[in-house]
Amino acid sequence: MSSNRTSGDRDARYPAETSEQEMPRHATTTVNRGEAAQRRVLLKDVRPYGEGEPVDLLVDGGVIAGIGSGLEVDADEIVHAEGAVVLPGFVDLHTHLREPGREDTETIETGSTAAALGGYTAVFAMANTDPVADNAVIVEHVWRRGQEVGLVDVHPVGAVTVGLDGEKLAELGTMARSGANVRVFSDDGKCVHDPLIMRRALEYTRTLGGVVAQHAEEPRLTVGAQAHEGANAARLGLAGWPAPAEEAIVARDCLLAGHTGGSLHVCHVSTAGTAEILRWWKSQDRPGRVSAEVTPHHLLLTDDRLSSYDPVNKVNPPLRTDDDVRALRQALADGTVDCVATDHAPHAEQDKCCEWSAARPGMLGLQTALGVVVATMVEPGLLDWRGVARVLSERPAEIAGLADQGRPVAVGEPANLVLVDPRARWTVRGAELASIAANSPYEDMELPGRVVATLLRGRITAAEGKVRR
Ligand SMILES: NC(=O)N[C@@H](CC(=O)O)C(=O)O
Ligand SMILES: [Zn+2]
Ligand SMILES: [Zn+2]
């Protein structure tokens, strides 16, 4: 991993130091005077990591300039946070933004909006777009468009193989050296199933300081699969997606990562067996660099949802059993699974509101991830707020090699931050989410934990449920 990697290596991120410095400052209450004026933001009464008495946190010039009680400073904006928990901004290693190709379901702009509202300051946009992000032109477009929108850093994921076809390695080096500085490579949506291609990908990305994010699904075991292979699928006559189709690939890839010294990241872990394999592998003397993510939906939902026959619940890998959910929560709590990634997968109404077998797999996740993590991990006592920072921000930033994300809430650190009201509860309405698509499996569900504000390099990108461009 390139440890010195900051997004600032690439494009301009702040407007250059200009006359902002001379602009008059006013101590005001929540007045937004645009980015140029937002140099100093005072967050009043915040609790870093939800610990201790509320303090004030001053953000100046994109970094945390002071933390203390009763800071009396001249700020451009004051946010009265009323005891909100402050954490490093969330980092999503697994987002589908559908641009280019399916802008009718999500664009970089609408996806960035959903991300900022969900508390994210960086997302990784998967390569299964149309055309596929398997070359420098596409990845540079995604990176630049994300910077233009300016709500969240959109890091393009580069495809491992040309056209996601699994046959020929894409030009990984060209993407790595491009303006998008790609470090995460994935054929997500499809598995890099050929073991020799996977081996070469691990070897090659190692020399680039990158990581291969694997969608673990042995395709020969999931031909025609529609739902988790178990009693519920059998009852409904749906072809089964057996747990070993995931587990066999994860075991194989751990061995390959160990052998090559390459970095493997396992996408959307969904079974108790996969958690066991990862736990065993990580307990070896030389496990190399293997990391894993779990999605919010696999932490909360089970294949009991199949009975409704509503394809909003169709996702890949499929929703599994209660036992799997329990094992995944435990694995996330003990670090066997490193982090939470949304696998935010917007789909058009016509691709979801149709018969089950014709429906596309995938569900929205960016704006509901925090709520689901609070409901499944914080409320049952499996994680505290430091743990939330670890799984939603620190570990994903480390895995992707982002130097300026997932940093401590401390003076001198970059002000990529999220403020969370731990007491607030809200009801999910798919149509009210920022995504163009509305395929949320949490419709009408009440979720705990609300994002009060998100700051990207010291600038408020979202506050009170609205983004600021
Ligand atoms: N998760 C899904 O069910 N769908 C994803 C692809 C993927 O993550 O495998 C998509 O692109 O729609
Ligand atoms: Zn996938
Ligand atoms: Zn995905």
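Let's start inside a sheet: His265 has Ser291 of β13 as its bridge partner. This is a predicted model, in which local features need pLDDT of at least 70, side-chain atom pairs count only at pLDDT 80 or more, and totals for chains, interfaces and linings use all residues. Residues are numbered from 1 along each chain as its sequence is written, while chains are lettered from A and ligands numbered from 1 in the order in which they are written.

Leu264 is likewise bridged to Val290 in β13. Strand β12 (residues 263-266) and β13 run parallel and are joined by 4 bridges. Strands here are DSSP runs of E with at least two residues, helices are runs of H or I with at least four, and both are numbered from the N terminus. Of the 6 residues in β13, 5 are buried, where buried means that 20 or more other C-beta atoms lie within 10 Å of the residue's own, exposed means 12 or fewer, and partly exposed is in between, with C-beta atoms placed from the backbone.

## The five-stranded sheet

Both strands belong to an open sheet of 5 strands, ordered β8-β9-β12-β13-β14 with parallel pairing. Its edges are β8 (184-185) and β14 (339-340), each pairing on one side only. Strands count as paired if DSSP finds at least two bridges between them.

Helix α5 (residues 195-208) lies across β8, β9 (211-214) and β12, at about 145° to β9. Axes are lines fitted to C-alpha atoms, for helices over the stretch in contact, and angles run from 0 to 180 degrees between N-to-C directions.

## Helix α8 and its neighbours

The buried residues of α8 are Ala272, Thr274, Ala275, Ile277, Leu278 and Trp281. They pack against α7 (243-260), β13 and α10; a contact requires C-beta atoms, placed from the backbone, to lie within 7 Å.

The axes of α8 (residues 272-282) and α10 (residues 322-333) come within 8 Å and cross at roughly 30°. The two helices are therefore roughly parallel, a label for angles under 35 degrees, with over 145 called roughly antiparallel, 65 to 115 roughly perpendicular and the rest oblique. Ala272, Ala275 and Arg279 of α8 meet Asp323, Asp324, Ala327, Leu328 and Ala331 of α10. These contact residues comprise 5 nonpolar, no polar and 3 charged. In this scheme Ala, Val, Leu, Ile, Met, Phe, Trp, Tyr, Cys and Pro are nonpolar, Asp, Glu, Lys and Arg are charged, and the others, Gly among them, are polar.

## The three-stranded sheet

Another open sheet has 3 strands in the order β5-β6-β7, again with parallel pairing. Strands β5 (90-95) and β7 (153-156) form its edges, each pairing on one side only, and the twist averages 20° from one strand to the next. Strand β6 (residues 120-125) pairs with β7 over 4 bridges, and Ala125 stands opposite Pro156 in β7.

Helix α2 (residues 108-117) lies across β5, β6 and β7, running at about 135° to β6. Helix α13 (residues 385-400) also touches β5, β6 and β7, at about 60° to the direction of β5.

Thr113 sits in α2 and counts as buried because it has 25 C-beta neighbours inside 10 Å. Leaving aside residues up to four places away in sequence, Thr113 touches Leu151, Ala434 and Val467. Its C-alpha atom is 9.4 Å from that of Gln367, 254 residues apart along the chain.

## Around ligand 1

Which residues surround ligand 1? They are His96, Asn128, Asp188, Gly189, His215, Val315, Asn316, Asp343, Ala345, Arg360, Pro361 and Gly362, with a residue included if its C-beta atom, placed from the backbone, lies within 6 Å. This shell divides into 3 nonpolar, 6 polar and 3 charged residues.

Definitions and conventions. Contact = placed C-beta atoms within 7 Å.
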